[in-house]
Amino acid sequence: MWMIKLTLNAIALAACVALLPGCATPEPANEIATLARQAHAWDGAIVRKDLPAIAANMAPDYRHIRDNGAVSDGAAFLAFMGSPKLLIAPYQVDDLDVRLYGDVALLSGTTRMSGSYDGAPFKSHYRYTDVYVKRGGQWRVSSVQITAIAE
């Protein structure tokens, strides 16, 4: 009987410790800083057209919801970003906000982007929400949704 009580107490203690803020998981401030750095690096990879770095930040089930409501998967997003027709410069992110919910994080902000596509210049200003999911100890972006901001 004492062995059962000891086992139950150990399970209860482990459960309590796992639920305490800062126990058994990195400090939220460290996770937030990691996510901000990772998002910044991903933005840089997009501008440089570094497809391996872009892909490395994406979850296998990645999806992108554009400002017109169209949805694409990771392969389509990579194909578009890697197109020789697309040139991006400059690319500026403002108002980055990182909200952590366990193994899910919402990153949002605004982006101003200029460039050209197939020789035609473009400018865009949009608000975005990126959903990051932590799997196997690694944060990966699973979903992106953008909303155009009228100038």
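**Hairpins, rings and a pocket**

Reply: This is a predicted model. β3 and β4 form a hairpin with 2 residues between them. In that turn, G102 has a positive phi of about 70°.

Me: Which residue in the turn between β4 and β5 has a positive phi?

Reply: β4 and β5 pair in the antiparallel sense over 14 bridges. T110 has R127 in β5 as its bridge partner. The two strands form a hairpin with 2 residues between them, and the turn residue with a positive phi, about 55°, is D118.

Me: What kind of aromatic pair do W42 and Y62 form?

Reply: The whole structure holds 4 aromatic pairs. For W42 and Y62, the centres are 6.3 Å apart and the planes are at 75°. The cut-off for this class is over 60 degrees. The W42 and Y62 pair is edge-to-face.

Me: Where do W42 and Y62 sit in the chain, and how many residues apart?

Reply: W42 is in helix α2 and Y62 is in strand β1. The pair links distant parts of the chain, and the separation is 20 residues.

Me: Is W42 buried or exposed?

Reply: Buried means under 20% relative accessible area. W42 has 4% relative accessibility, so W42 is buried. Y62 has 3%, so Y62 too counts as buried.

Me: Why does the pair of F80 and Y117 count as stacked?

Reply: Their ring centres are 5.6 Å apart. Planes under 30 degrees apart count as stacked. The planes of F80 and Y117 are at 25°, so the pair is stacked.

Me: Which parts of the chain does the pair of F80 and Y117 tie together?

Reply: The two residues are 37 apart in sequence. F80 is partly exposed at 40% relative accessibility. Y117 is partly exposed at 33%.

Me: Which residues do ring pairs link into a cluster?

Reply: W42 and Y62 pair edge-to-face. Ring pairs make a cluster of W42, Y62 and F77.

Me: What is the volume of the largest pocket, and which residues are closest to its centre?

Reply: The space in the largest pocket is about 840 Å³. There are 36 lining residues, and the closest to the centre are H64, M81, M113, Y126 and I146.

Me: How many residues of the lining of the largest pocket are nonpolar?

Reply: Elements that give two or more residues to this lining include α2, β1 and α4. In the lining, 7 residues are polar and 6 are charged. The nonpolar residues number 23.

Terms used:
Residues are numbered from 1 along each chain as its sequence is written. This is a predicted model: local features need pLDDT of at least 70, side-chain atom pairs count only at pLDDT 80 or more; totals for chains, interfaces and linings use all residues. Side-chain values use heavy atoms; hydrogens and water are left out. On a 1 Å grid over the protein atoms alone, a cavity is a set of points where a 1.4 Å probe fits but cannot get out, and a pocket is an open set with protein on both sides within 12 Å along at least five of seven lines; lining residues have an atom within 4 Å of a point. Grid points are joined across faces, edges and corners, and a volume is the space filled by probe spheres set on the points. Helices (H or I, at least four residues) and strands (E, at least two) are DSSP runs, numbered from the N terminus. Ala, Val, Leu, Ile, Met, Phe, Trp, Tyr, Cys and Pro count as nonpolar, Asp, Glu, Lys and Arg as charged, and the others, Gly among them, as polar. Two strands pair if DSSP finds at least two bridges between them. Rings of Phe, Tyr and Trp (its six-membered ring) pair if their centres lie within 6.5 Å; planes under 30 degrees apart count as stacked, over 60 as edge-to-face and the rest as tilted. Buried means under 20% relative accessible area, exposed over 50%, partly exposed in between (1.4 Å probe, protein chains only).
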